[in-house]
Amino acid sequence: MNRNYLSMAGVVAAAATLLTLLVATTPPPVTEELFLVIPRGWIRFLGGFGVVVAALSSCAYLYGRARRPARAGQYALTAGTHLFIWLVIGLVFYPVVYLLSVSFNRNNSVANIPPKGGNLLVRSGVLPDPAEVSLVQYAKVLSDTHLDPYQWGLIVLATLALSTLLGLRAMRKRVDNPYRLERYQQLSAWGIFLCLVALVLSIQPGHFYALNRAGEQIPASSERMIVLYIRNTLLVSGTTGLLAVLLSTTAGYAFARMRFEGRYQTLLTFVFVQMFPSFMALVAIFYLMSYLDLLNTFVGLILAYSGAAIAFSSWIFKGYLESVSPSLEEAAMVDGATRWGAFWRIILPISVPMLLFIFLLQFIGTYSEFILANTILIGQEHWTVGIGLRQFSSGRFDTQWGALAASAVLGSLPILLIFYSFQEALTGQYTAGGVKG
Amino acid sequence: MKAIDLSRDAKEFLPRAKSTGVSLWRSLLLLFAALASASLMGAVGFLVLRLVVPTAPVYTSLVFALVSLVLILRWIARAFDWIMPWYYVLPAIVFLFTFTFFPVIMTFVLAFTDYAGTRNGELNIKSETRVLEVDGVVLTIENVRNFDCADLRNGCSGVRTLLYASGNHPTTATHLDGTTLTLEEPAPAGRSVLGVELYLPDLGFGFETDVVAADGATLMLERAPPFPPDLERTTLRLDRDAVTRTMLRDEGAEITLNSPLPDSFEVEAIARYNDFGWVGTGNFRTILRQATSALIPIFTWNVLFAVTTVIVNTVAGVFLAVLLNNPDLRFKALYRTLLIVPWALPNIITLQVWRGFLNQNFGAVNRLLMLFDVTDTPINWLGEMWPARAAVLLVNLWLGLPFMMTATLGALSAIPRELYEAAKIDGANAWQSFWGVTAPLLRTALIPITLTGFAFNFNNFNVIFLLTDGGPPVSWGTSTARGTDILISWAYNEAFRSQGGLAYGLGSAISIVIFVITVAVSLVNFRVTGALREEPNT
């Protein structure tokens with residue numbers, strides 16, 4: 001046993017020596033035009049990573065030999081896996097970290113020459129200069145947003161409700177009877193939701209203005225209205241999601257539970273119509289909306305989304321109901337409930353998680369839709385986040401990199417929060433195979 | 001006796017629920033009648049509203065239609081109770097029909113026309129020109145250049161025109177009292193009087209003023225003339241009355257109409273419509289004509305893109321998932337939570353940010369690659385075709401990896417532990433049990449996911465449009481079919497970009513080609529997964 005620990009020390013010492021050698025023999029980085037280059041750097045990186053993996057795995061193997069000899073190989077494999085996953089996480093997160101640091105950087109230009117000093121990563125421009133950290137980009141994109149006092153109140157309320165919710169969640173593990181807390185959790189969740197709805201509905205284009213020298217209000221420039229774009233996107237996505245849930249539940253129920261002539265044909269129609277990407281019918285939709293005077297309105301955009309959203313949601317809801325035993329409804333109907341009563345009192349309450357899933361799926365999908373929104377919403381005060389960001393990347397891109405990053409971070413926050421709050425609901429459906437087709 | 005297929009759902013062997021027994025057509029007819037009468041009510045309601053409020057928007061007709069639909073449906077439900085199941089489906093059908101099915105049909109129709117930005121069916125105001133001479137059905141126009149029909153299908157033949165009557169109407173007034181002018185005879189019926197010109201003999205020129213209100217032969221003027229006018233020489237300015245005619249042919253400045261103008265019609269100017277019409281399979285022939293410069297290379301890249309993305313993402317996702325599925329691994333939940341972050345960020349935003357990362361001289365990607373000396377010169381990610389294609393695939397891997405990983409983890413967790421234990425008892429090592437147990441079971445679960453992924457990526461417009469914008473231009477391509485364009489972005493370029501000349505008809509034709517391919521892929525998918533396998537018409 002002692003021998004194993006001794007070997008471990010040996011392995012660590014050898015790995016440390018190798019790594020030191022590797023770093024020590026690395027030639028100093030040379031400058032090639034705009035870039036800093038470590039000659040053959042990738043070989044050294046891979047070599048170094050290999051040494052670390054080998055050292056850690058051997059240590060784990062030796063540790064395993066000491067603890068449970070039969071599973072020593074498993075220990076080594078697991079240790080290597082951990083390292084490899086951290087490498088993958090590093091690669092996946094590099095763009096995210098870079099985006100965040102750009103958004104918190106004073107420099108607004110993408111054509112930014114990295115500083116001469118600082119550590120290697122900063123000098124080579126792989127990461128933005130930490131000396132330049134500032135909130136200037138956020139201040140810029142938010143500076144023309146003038147919310148009313150009651151809207152600040154709503155934000156404070158939502159924050160309070162959120163901290164209550166998080167606090168309750170943390171308490172849950174330490175309380176004997178967590179079910180009593182559940183009610184308060186639900187209450188605060190509703191509080192957050194209602195505050196946000198009120199905020200989304202109350203923010204108007206009029207809240208976005210700058211003051212000129214004479215103290216008059218002039219409309220904000222389009223780069224500084226990200227809050228309005230987020231609000232527009234939330235409004236459109238939320239309504240589309242609600243519409244999808246409202247209209248698809250009855251249809252999904254009928255498809256799953258009722259037998260009538262034409263059911264199969266209608267189902268087929270739903271499936272095939274849904275396959276036609278709605279933006280391929282863009283010309284026709286544009287024509288239809290201009291005919292109905294619905295161009296440049298949220299209603300027009302929501303209606304344009306609704307068709308595909310409803311077909312898809314009905315299909316999912318039907319699949320879900322088929323996996324639910326009909327015995328509950330049958331029992332209710334034996335007790336005298338009507339079809340509608342069974343649907344309303346039995347089916348709807350038990351499918352709340354599924355309805356939430358449908359809503360969130362539509363919500364997130366609509367949030368990322370670009371082309372229909374770009375065609376139907378012409379006026380700047382109606383833009384969604386995606387269109388709003390596009391102005392940075394086409395045209396004056398070179399000078400707006402920091403503002404783009406700040407806007408991108410702000411625009412991603414709602415979806416990021418929703419995604420992680422409902423992570424189980426969202427990813428669980430895929431893992432459970434609830435979504436077919 | 002046939003053996004019972006255990007893979008099928010037990011429900012299929014049970015007696016089926018009784019059908020309502022009413023034919024599909026009767027239900028459809030009834031519903032259609034309800035919808036048609038509701039639409040009629042909507043139109044009538046809208047027209048009535050327009051009489052009261054002239055500025056009422058067209059969508060109010062939808063509100064009227066909806067209200068009457070509800071009333072009609074209530075009545076039908078009382079009379080024919082077997083219609084009930086359809087009521088559950090009806091809201092979805094109405095939306096689907098109006099906002100998806102109808103545009104799809106319209107797309108099919110437009111694909112056979114030459115509908116385009118220059119042929120949008122609307123009146124071309126810029127083509128308006130004076131008519132110099134009228135001889136029966138032959139007109140001589142002043143400005144041939146603006147009127148030119150070269151953009152249209154068959155020149156000017158069969159194109160609708162709008163002929164404007166002269167707005168000046170000489171007449172005689174009898175009396176002027178302040179701003180009230182009385183005419184000898186009423187203004188021409190059916191035309192509104194916009195203004196009036198009174199001749200002032202003292203000054204030697206005419207005095208023009210607008211007419212505020214007109215009642216038969218009595219006109220209210222906006223201003224009174226400063227001097228007494230010569231009422232004998234009064235000219236009314238009327239709205240520009242117009243008639244529509246169709247052109248038969250044009251020869252230089254001479255235009256032949258299909259029928260003569262009304263006798264009293266003093267034509268002043270003419271404008272033509274940007275007519276579009278049937279071109280048969282013309283758009284599809286155009287697509288085939290561009291086979292070597294657009295269709296074939298774009299289709300090839302489209303398939304290559306979709307297939308490679310699916311393969312790369314699946315391999316990477318399965319690899320990660322198998323690593324994460326290791327029962328000895330700690331922090332599994334943390335790793336999963338961290339690794340799904342690209343999925344949790346809206347791709348409409350991340351794609352536009354990636355564009356900045358891929359900048360040749362300043363982007364983070366090249367900075368990193370150059371630092372480690374992976375490439376000798378910075379890669380021109382967005383400016384050259386193969387680097388751009390690689391960039392699309394790499395970014396799509398970043399975007400799609402979390403989903404594939406999660407889906408595979410789900411499939412892996414569905415594999416019963418006992419199978420591995422059984423394999424172990426049989427003496428299999430980890431490698432053997434992976435290929436003997438995990439791989440075959442995973443394959444069944446992953447096939448539908450990969451097929452759906454293929455169909456999705458085949459039309460993955462966002463990645464192409466927001467990342468590379470279809471570019472860069474290539475020597476074999478056209479201005480609308482470039483290095484990373486896939487079919488759907490090609491169609492978009494043809495229809496909505498100025499390089500494509502806003503060829504809506506051609507864009508619609510390409511959409512139909514895409515639609516056919518997508519349906520074919522989905523049919524294969526349904527066949528494999530059996531998602532649609534159920535008894536038709538129970």
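This is a predicted model: local features need pLDDT of at least 70, side-chain atom pairs count only at pLDDT 80 or more; totals for chains, interfaces and linings use all residues.
1. Now step back into the helix itself. α10(A) covers residues 282–291 and is mostly covered, with seven of its 10 residues buried. The buried ones are A:Leu282, A:Val283, A:Ala284, A:Ile285, A:Phe286, A:Leu288 and A:Met289.

2. What do the buried residues of α10(A) pack against? Within chain A, their partners are α11 (298–322) and α15 (371–376). Chain B takes part too, through α3 (84–110), α15 (487–496) and α16 (504–529).

3. Two packed helices are described by the angle between their axes and the distance between the axes. For α3 (residues 72–103) and α17 (residues 401–421) of chain A, the angle is about 115° and the axes are 8 Å apart. The crossing of α3(A) past α17(A) is left-handed.

4. Which residues make this contact? From α3(A) come A:Leu99, A:Leu100, A:Val102 and A:Ser103, while α17(A) supplies A:Trp401, A:Gly402, A:Ala405, A:Ala406, A:Ala408 and A:Val409. Sorted by class, the contact has eight nonpolar residues, two polar ones and no charged ones.

5. Finally, zoom out to the domains. Chain A is assigned domain 1 (2–103) and domain 2 (219–431), and their C-alpha centres lie 45 Å apart. Four residues of domain 1 and six residues of domain 2 form the contact between them. On the domain 1 side, three of the touching residues are nonpolar, one is polar and none is charged.

Conventions: Residues are numbered from 1 along each chain as its sequence is written. Chains are lettered from A and ligands numbered from 1 in the order in which they are written. Axes are lines fitted to C-alpha atoms, for helices over the stretch in contact, and angles run from 0 to 180 degrees between N-to-C directions. Helices (H or I, at least four residues) and strands (E, at least two) are DSSP runs, numbered from the N terminus. A crossing is left-handed if the near helix is turned anticlockwise from the far one by less than a right angle, and right-handed if clockwise. Two residues are in contact if their C-beta atoms, placed from the backbone, lie within 7 Å. Ala, Val, Leu, Ile, Met, Phe, Trp, Tyr, Cys and Pro count as nonpolar, Asp, Glu, Lys and Arg as charged, and the others, Gly among them, as polar. A residue is buried if 20 or more other C-beta atoms lie within 10 Å of its own, exposed if 12 or fewer, and partly exposed in between; C-beta atoms are placed from the backbone. Domain bounds come from an automatic or database domain assignment.
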